[in-house]
Amino acid sequence: MPSLAEEICIGNLGSLQTLPESFTWKLTAADSLLRPSSAVSFDAVEESIPVIDLSNPDVTTLIGDASKTWGAFQIANHGISQKLLDDIESLSKTLFDMPSERKLEAASSDKGVSGYGEPRISPFFEKKMWSEGFTIADDSYRNHFNTLWPHDHTKYCGIIQEYVDEMEKLASRLLYCTLGSLGVTVEDIEWAHKLEKSGSKVGRGAIRLNHYPVCPEPERAMGLAAHTDSTILTILHQSNTGGLQVFREESGWVTVEPAPGVLVVNMGDLFHILSNGKIPSVVHRAKVNHTRSRISIAYLWGGPAGDVQIAPISKLTGPAEPSLYRSITWKEYLQIKYEVFDKAMDAIRVVNPTN
Ligand SMILES: C=C1C[C@]23C[C@@]1(O)CC[C@H]2[C@@]12CCC[C@@](C)(C(=O)O1)[C@H]2[C@@H]3C(=O)O
Ligand SMILES: O=C(O)CCC(=O)C(=O)O
Ligand SMILES: [Fe+2]
């Protein structure tokens, strides 16, 4: 006979009146695999990551300071229209409002990453996360959309395409700014130079639509467990309900309150590699809410498409600062990450930073 836990489906979490045992997090070291000190508390401190106006003439310095300090920042005046943000948010709502059986018709296959389901990091945690999501990592989302919306899929595919195009441009712009703050120009990186010249058509990204339903015991639940993104950078749009928290050794967990039209930028593992450890990839997580459900849309930007090698930028290395990591493609990094999760960086490290 299946246990109660096995009968719980992520598509119905919002209708549960009590928190099942399999969703009860104790925040032991095992619940938060990353950086042991990030396991100590559920509480967040009253601090905030900076909001940077991209039209500010000092944008490079501001982005540099924020990414070195936090590995994350927020952006305003980024050029993404409110209509597009509203459109993708309402697409997500329409999807997650569907009955569980319908959503499961678009479930990601055993082999594929794209489609409806739990976060990819789930197997590394003992407890289940209070969320559902839909990942767009390749063109197979079009078939899934066709299944979900037999009449309206063209409209919804159009929104995704527009979102990808706009996000890719913004991601390249943020890459150039962050590189600038390290004294590096696009010409210093062969693939980035190509990316710029081609009008950013060689980049590659994924989208994750996240939904965190209302939760009967939010203090003991976890929407998305602590992780770093395996990206160069991630651009996140959150609905008007807070839940995102970023971790900084000196501060603890800090909540990133949503503000209309403001996007969050998280620096990922690949940027940490590119910067030869100068920019941290931010540890973050999503908490859930007792009365309000929450949607977030992450654009996870892996940088160059194809088998382009990401390596510490040579200008940032030298006799006193040897390359900390070997070169790697995004595809290869994702393979390693989903074998060893929190040990992925160690697996490609060639020099111990304390040496
Ligand atoms: C390209 C990818 C990054 C991602 C794993 C994936 O193959 C597709 C989903 C992405 C996502 C979104 C939610 C958080 C995250 C950690 C996860 O579980 O799936 C990220 C992954 C990542 O950055 O490693
Ligand atoms: O929902 C959030 O705020 C965080 C989402 C996230 O970290 C991700 O999709 O990678
Ligand atoms: Fe993330």
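How far is an oxygen atom of ligand 1 from an N or O atom in the side chain of Arg120? The distance is 2.7 Å.

Before I continue, a word on the basis of these values. This is a predicted model, in which local features need pLDDT of at least 70, side-chain atom pairs count only at pLDDT 80 or more, and totals for chains, interfaces and linings use all residues. Residues are numbered from 1 along each chain as its sequence is written, chains are lettered from A and ligands numbered from 1 in the order in which they are written, and side-chain values use heavy atoms, with hydrogens and water left out.

Let me return to ligand 1. Polar contacts here are pairs of N or O atoms within 3.5 Å. Tyr338 places a polar side-chain atom 2.5 Å from an oxygen atom of the ligand, and a polar backbone atom of Ile121 lies 3.1 Å from an oxygen atom of ligand 1. Alone, ligand 1 exposes 460 Å², of which the protein buries 96%; the areas come from the Shrake-Rupley method with a 1.4 Å probe.

I turn now to ligand 2. The residues around it include Asn210, Tyr212, His227, Asp229, His284, Arg294 and Ser296. The side chain of Arg294 has an N or O atom 2.7 Å from an oxygen atom of ligand 2, and for the side chain of Ser296 the distance is also 2.7 Å. For a polar side-chain atom of Asp229 the distance is 3.3 Å. On its own, ligand 2 has 300 Å² of accessible area, and the protein covers 95% of it.

Finally, the helices. Helix α2 (residues 59-69) packs against helix α6 (residues 153-181) at about 80°, with axes 8 Å apart. The two are therefore roughly perpendicular, a term for angles of 65 to 115 degrees.

Methods:
Axes fitted to C-alpha atoms, helices over the stretch in contact; angles between N-to-C directions. Helix = DSSP H or I, 4+ residues; strand = E, 2+ residues; numbered from the N terminus. Parallel < 35°, antiparallel > 145°, perpendicular 65-115°, else oblique. Polar contact = N/O pair within 3.5 Å; in protein donor to acceptor, adjacent residues only side chain to side chain. Near = heavy atom within 4 Å.
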